[in-house]
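Subject: The structure we talked about

Hello,

Here is the structure I promised to pass on to you. Have a look at it first, and then read my notes below.

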Amino acid sequence: MKYHVLEKEQLNCFIKSLAKKMKVVAPISKGHGNYVFGEVKSADEISLNYVPTILPPKKYFMPTKEKMLDFDLSGKEPKDTAALDLEEIAIFGVHTCDLAGIQCLNIVFNERPRDYNYLLRKEKLFIIGLECNKYCDEYASCTLVNSHLPNGGYDLFFTDLGDRFLINVNTQKGEDFVESIDLPKAEPKDMTALEKLREEKKKIFRNEIDVDPKKIPEMLDKVYNSKLWEKVGEKCLSCGNCTNVCPTCYCFDMEDFINLDLKTGYRLRTWDSCQFETFATVAGGENFRSQRSMRQRHRVYRKFKFPVDKFNRFFCTGCGRCSRTCMAGINLKEILKEVAEESKF
Amino acid sequence: MSKEKKVLTKPKVAFFDFACCEGCQLQVANLGEKLLDLLGLIDVVEFREVMSEKWDKDYDIAIIEGSITDHHAEERIKKIRARSKILIAYGSCATLGGVNGMKNSFELEEIRKYVYGDKYHYFDSMTTKAVDQVVKVDYYVHGCPVYQPELVEVLKCALRGIPYSVPDKPVCAECKLNENCCLYDKGVVCLGPWTRAGCNSWCPNNGNFCYGCRGLVKNPAKNAAKDIIARYKLDEKLMKNKFDMYNKAKEVSDESKK
């Protein structure tokens with residue numbers, strides 16, 4: 001493990017050097033307690049102490065609107081050409097919950113048939129993590145799913161040690177960059193400070209719902225027909241906010257658009273949501289999840305049950321976005337507590 | 001078979017307005033470069049706001065703005081429908097009844113007296129109707145005013161003879177992707193959660209709240225509305241008024257059908 005040190009007053013130099021090489025995005029404030037990842041040119045634009053952004057950094061991995069191909073219908077046979085827009089971007093200040101989210105997406109899009117648009121785009125992204133020394137707010141449940149600590153998935157990882165950042169170098173790309181700007185190597189005192197911080201974090205970060213995470217999948221097995229889903233469904237607006245802001249939701253829709261010549265066109269991939277009324281509607285009008293309760297239940301199973309069976313990991317990173325963004329006040333932690341309670345019977 | 005050269009005649013398209021502010025026509029006139037591209041595909045044969053010519057044959061596409069608010073208008077829209085292969089309703093007035101529907105909150109006689117004074121019987125008036133409450137509508141372009149990119153999309157569908165489906169998800173779905181600060185976080189009442197998307201959250205993107213001008217989604221969350229009214233301590237009446245601003249005409253017809 002390689003560690004380097006960056007004095008805090010040098011952060012601006014760091015960002016500027018990075019910005020010379022590629023576009024740099026980082027959390028910036030939108031007011032009213034909202035943050036977004038957006039382009040920055042200097043460190044003073046960055047909100048280092050931020051509550052998870054409205055959309056997770058997944059928007060750089062799978063853009064909200066992505067052109068997949070161009071087509072031409074003017075000839076005898078229709079023609080199409082695959083489209084791929086790539087941009088080199090450094091994403092600075094990614095919390096550990098969002099790093100876990102990216103790892104989940106990597107697993108999904110690496111499954112066959114592989115998603116080359118995703119995989120090729122990912123190669124262009126330079127990920128710089130940032131450790132949370134304390135909770136962002138009461139919606140987070142990162143300790144439950146063990147994403148309050150770094151578990152890889154970054155090029156560089158920053159830990160705030162007061163007057164300086166300790167930087168963990170995790171990839172060759174990361175190493176090349178820190179060497180290009182001559183960052184000093186970490187000394188034993190820096191490593192001691194890191195250990196001390198992690199010890200301190202153990203006191204702060206505790207299982208947020210007091211339920212053994214290993215037991216959640218089997219608890220969900222027991223409560224499939226519980227009334228609790230109807231309660232959640234009654235509240236739900238089906239606005240799709242919870243899935244749009246989720247760092248691991250990856251469902252998408254494909255739609256073709258024709259240009260004004262009515263001969264050529266393009267295919268767009270856009271984010272979709274299992275919460276929309278239309279999502280599980282098929283030809284003939286049948287809807288496999290016509291009730292809001294079914295759709296909300298599906299969302300929870302999609303985070304804590306199905307991916308455990310398939311990939312052996314939760315697809316919830318504890319970022320708290322779904323609860324934070326819900327106008328109706330649907331709270332994931334509350335749902336899980338109720339699941340635990342109901343499954344006792 | 002000999003390769004006969006097809007005589008390409010561009011579809012004849014006419015724009016008509018009923019009770020409205022003609023703001024949607026302005027949106028068409030302001031399409032800019034896109035308008036020039038469109039004019040390469042269609043023959044505009046009537047468009048009161050931009051030309052004085054009239055057309056006495058059938059229309060391939062009639063594009064209707066405004067709501068139906070008197071008997072003369074009712075007859076006129078029926079005649080237009082009879083002469084049109086495809087009819088597009090555009091703008092909230094045409095698709096929902098729109099702001100003109102606010103009239104329906106009052107007794108017709110009363111509101112006529114209020115507006116026209118004691119000579120009100122000289123001025124014909126009836127309950128405000130959306131175009132589809134009088135004649136069949138093939139395509140809808142919702143919004144007050146219409147959102148230009150959607151209008152162009154609908155026209156392309158109409159020209160290709162394929163259906164256009166209006167998104168049946170709330171405005172939030174688009175608003176969230178635009179990473180707007182939620183209006184409820186700002187303490188502002190917003191109708192986005194119940195209003196159909198398709199405008200790319202045009203108003204919230206520009207710092208405004210959603211007025212519900214595109215009409216409600218097919219299955220609006222009524223229970224959740226009550227919860228939200230309670231959670232954010234909103235005035236239920238105010239909320240109802242906000243919904244009625246654009247959606248009153250539709251509500252009346254739905255009730256009368258029952």
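Before anything else, a word about domains: their bounds come from an automatic or database domain assignment. Please also keep in mind that this is a predicted model.

**The two domains of chain A**

Chain A is divided into domain 1, made of residues 2–58 + 83–204, and domain 2, made of residues 213–249 + 274–342. If you take the centres of these two domains over C-alpha atoms, 28 Å separate them. Domain 1 of chain A brings 20 residues to the contact, and domain 2 of chain A brings 17 residues. Which helix gives the most to the side of domain 1 that touches domain 2? That is helix H3 (residues 96–110) of chain A, with 7 residues. By class, this side of domain 1 of chain A has 14 nonpolar, 3 polar and 3 charged residues.

**Two crossing helices**

Next, please find helix H8 (residues 228–235) and helix H10 (residues 292–304) in chain A. Their axes come within 7 Å and cross at roughly 110 degrees. Angles of 65 to 115 degrees count as roughly perpendicular, and H8(A) and H10(A) are therefore roughly perpendicular to each other. On the H8(A) side you will see A:Trp229, A:Glu230, A:Val232 and A:Gly233, which meet A:Arg292, A:Ser293, A:Gln296 and A:Arg297 of H10(A). Sorted by class, this contact has 2 nonpolar, 3 polar and 3 charged residues.

**Strands in chain A**

E2(A) runs parallel to strand E6 (residues 89–94) of chain A, and 3 bridges join them. A:Val25 has A:Ile91 in E6(A) as its bridge partner. E2(A) also pairs with E3(A), here in the antiparallel sense and over 6 bridges. In this pairing, A:Ser29 stands opposite A:Tyr35 of E3(A). The hairpin of E2(A) and E3(A) has 2 residues between the strands, and A:His32 takes a positive phi near 55 degrees there.

**Where the chains meet**

How many residues of chain A are in contact with chain B? There are 30, and they are in contact with 29 residues of chain B. The side of chain A that touches chain B divides into 14 nonpolar, 12 polar and 4 charged residues.

**The sheet of chain B**

Chain B has an open sheet of 5 strands with parallel pairing, in the order E2-E1-E3-E4-E5. At the edges are strand E2 (43–47) and strand E5 (139–141) of chain B, each of which pairs on one side only. From one strand to the next, the twist averages 20 degrees. Strand E4 (residues 84–90) of chain B pairs with E5(B) in the parallel sense over 3 bridges, and B:Ala89 has B:Tyr140 in E5(B) as its bridge partner.

Two helices of chain B lie across strands of the sheet. Helix H3 (residues 71–83) of chain B lies across strand E1 (12–17), strand E3 (59–65) and E4 of chain B, and runs at about 130 degrees to E4(B). Helix H6 (residues 148–160) of chain B lies across E3, E4 and E5 of chain B, and runs at about 170 degrees to E5(B).

Enjoy exploring!

Best wishes

How values were computed. Residues numbered from 1 in each chain as written. Chains lettered and ligands numbered in written order. Predicted model: local features only at pLDDT ≥ 70, side-chain atom pairs only at ≥ 80, totals over all residues. Axes fitted to C-alpha atoms, helices over the stretch in contact; angles between N-to-C directions. Helix = DSSP H or I, 4+ residues; strand = E, 2+ residues; numbered from the N terminus. Parallel < 35°, antiparallel > 145°, perpendicular 65-115°, else oblique. Contact = placed C-beta atoms within 7 Å. Nonpolar A, V, L, I, M, F, W, Y, C, P; charged D, E, K, R; others polar. Pairing = 2+ DSSP bridges.
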